[in-house]
Amino acid sequence: MTDHFSLPVGIRDYTTEHVRRIEFISNTILDESELWGYKKILTPIFEKLDSLEVGLKQDSFYKTIKFIDPINGDVLGLRSDVTPQIARYVAGNYNEESLPLRLSYVERVVRNETKHSKNKRELFQVGCELVGPNELESDLEIVLLGSRILTKLGFDKQIITLNSSLFLNFVFSKLPSIKDDISLLFHKKDFDSIRKFAKNGRVPKGERAFLKNCILPLIKNKTLAGNRFPPKVRLELKRIDLLIKLLKKINPSLTVASDLLDVKDFDYYSNITFDIAVPSINEIVLSGGRYDNLIGKYGKNLPAIGFGINTLPFLKKVKHAGFGIPVVSIDHAGSNDFETIFRLRDFFSSQGFVTIVSKS
């Protein structure tokens, strides 16, 4: 009988215990971000498709689940990412006089991804966005806020990796004939195949030289010669180096490094990007970056940086025992004095207890 009412692939129910954990994690994140001046907003779970897909790669459109609005025939989509919604919201609701904006959110996103059975189509995402300043200070704030949140959740051992979409876009512009292949190899960390491309006679000579002089040294963890890059890229690389030094100085317990060959899923990232991993969870738990051009696509040119956290990987790891609310049970077996019973219930509830009226 239950098979007849099975859920879609990648979608599941969450028990009361799951919900308790999800809410504890989400509230911990929001409480900490509020202490840093971030205020929560809510965005629609679906909207017009053209709005949702701003900033997504062309080959990522399939991630958005689409349907027709029965009211007017518009093509709508369930959000697969929150950042474009934040950009649209900011462009439509704020002006430069109100900057900087510090926004937070707790949303559910749905992605049309079923390539791997372990992938979940529905995610519980919590995030923070800093809109307005385009300074090293704002980059530092967002990364440190993400790190602090993970510490609050009990993960003081963290690995922070800094990347750059600006650098990668420059790399891809220098490798036009093999851009798609190289992007995939970067994503897979398949360095052996990258080395083979540098020797492949079918690859244009200039592109092979670029691979040899600029990409292979990165694979070997060697310092890049700055004079091989345009000024904007050089400044970006210096900013990443300085950010690494500052993060280590502010919190010496952090492991901080750069990975300039890391490819992100979203086209809207413009400059510095970053990930934070923790040793006990076998996947990236927090990721984000700067998207200085995205809000402009919705009508206002405002720089911004932010991050998102998928709460589901934490469910089995966060130690939330002891953070629950104490429970009082009022047993009224043999008594029908409901006035007294519910006065007692109101008293204990007012003191912060979960109060249950029962009859044994």
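The largest nonpolar core of this predicted model has 70 residues, and Ile182, Phe186 and Phe314 are those with the most contacts inside that core. In soluble globular proteins, nonpolar side chains tend to be buried together. The protein chain has 360 residues, of which 45% count as buried, and its secondary structure comprises 10 helices and 13 strands.

**Nonpolar cores**

- Phe186, one of the residues with the most contacts inside the largest core, touches Leu168, Val171, Phe172, Ile194, Ile215, Leu261 and Val263, when residues up to four places away in sequence are not counted.

**Overall dimensions and contacts**

- The C-alpha trace of the protein chain spans about 90 × 55 × 45 Å along its principal axes.
- Among contacts between residues at least 6 apart in sequence, 69% join residues at least 24 apart.
- Asn27 and Val126 are 99 residues apart along the chain, and their C-alpha atoms are separated by 9.5 Å.
- Pro230 and Phe338 are 108 residues apart along the chain, and a separation of 78 Å is found between their C-alpha atoms.

**A three-stranded sheet**

- Three strands form an open sheet in the order β2-β4-β3, and their pairing is antiparallel.
- Strands β2 (46–48) and β3 (66–68) stand at the edges of this sheet; each has a single partner strand, so one side of each is left without a neighbour in the sheet.
- From one strand to the next, the twist averages 35°.
- Strand β4 (residues 75–78) runs antiparallel to β3, and three bridges join the two.
- Phe67 stands opposite Leu76, a residue of β4.

**Selected residues and their surroundings**

- Gln85 belongs to helix α3 (residues 83–93). Its relative accessibility is 1%, below the 20% limit, and Gln85 therefore counts as buried.
- With neighbours within four places in sequence left aside, Gln85 is in contact with Thr43, Pro44, Glu47, Leu52 and Arg79.
- Asn27 is part of helix α1 (residues 16–35). At 42% relative accessibility, Asn27 counts as partly exposed.
- Pro230 is located in the loop between α8 (205–219) and α9 (231–250). Its relative accessibility is 31%, so Pro230 counts as partly exposed.

**Cysteines**

- The structure holds zero disulfides.
- A disulfide is a covalent bond between the sulfur atoms of two cysteines.
- Cys128 counts as buried, at 1% relative accessibility.
- Cys214 is also buried, with a relative accessible area of 3%.

**Confidence of the prediction**

- The mean pLDDT of the protein chain is 87, and 92% of its residues reach 70 or more.
- Among the elements of the chain, strand β9 (residues 272–277) has the highest mean pLDDT, 96.
- The lowest mean pLDDT among these elements, 77, belongs to strand β13 (residues 354–358).
- Where pLDDT is low, the predicted coordinates should not be read in detail.

Technical notes:
Residues numbered from 1 in each chain as written. Predicted model: local features only at pLDDT ≥ 70, side-chain atom pairs only at ≥ 80, totals over all residues. Heavy atoms only, no water. Pairing = 2+ DSSP bridges. Helix = DSSP H or I, 4+ residues; strand = E, 2+ residues; numbered from the N terminus. Axes fitted to C-alpha atoms, helices over the stretch in contact; angles between N-to-C directions. Buried < 20%, exposed > 50% of the residue type's maximum accessible area, 1.4 Å probe, protein only. Contact = heavy atoms within 4.5 Å. Core = buried A, V, L, I, M, F, W, Y, C linked by side-chain atoms within 4.5 Å. pLDDT = per-residue confidence, 0-100. Disulfide = S-S within 2.5 Å.
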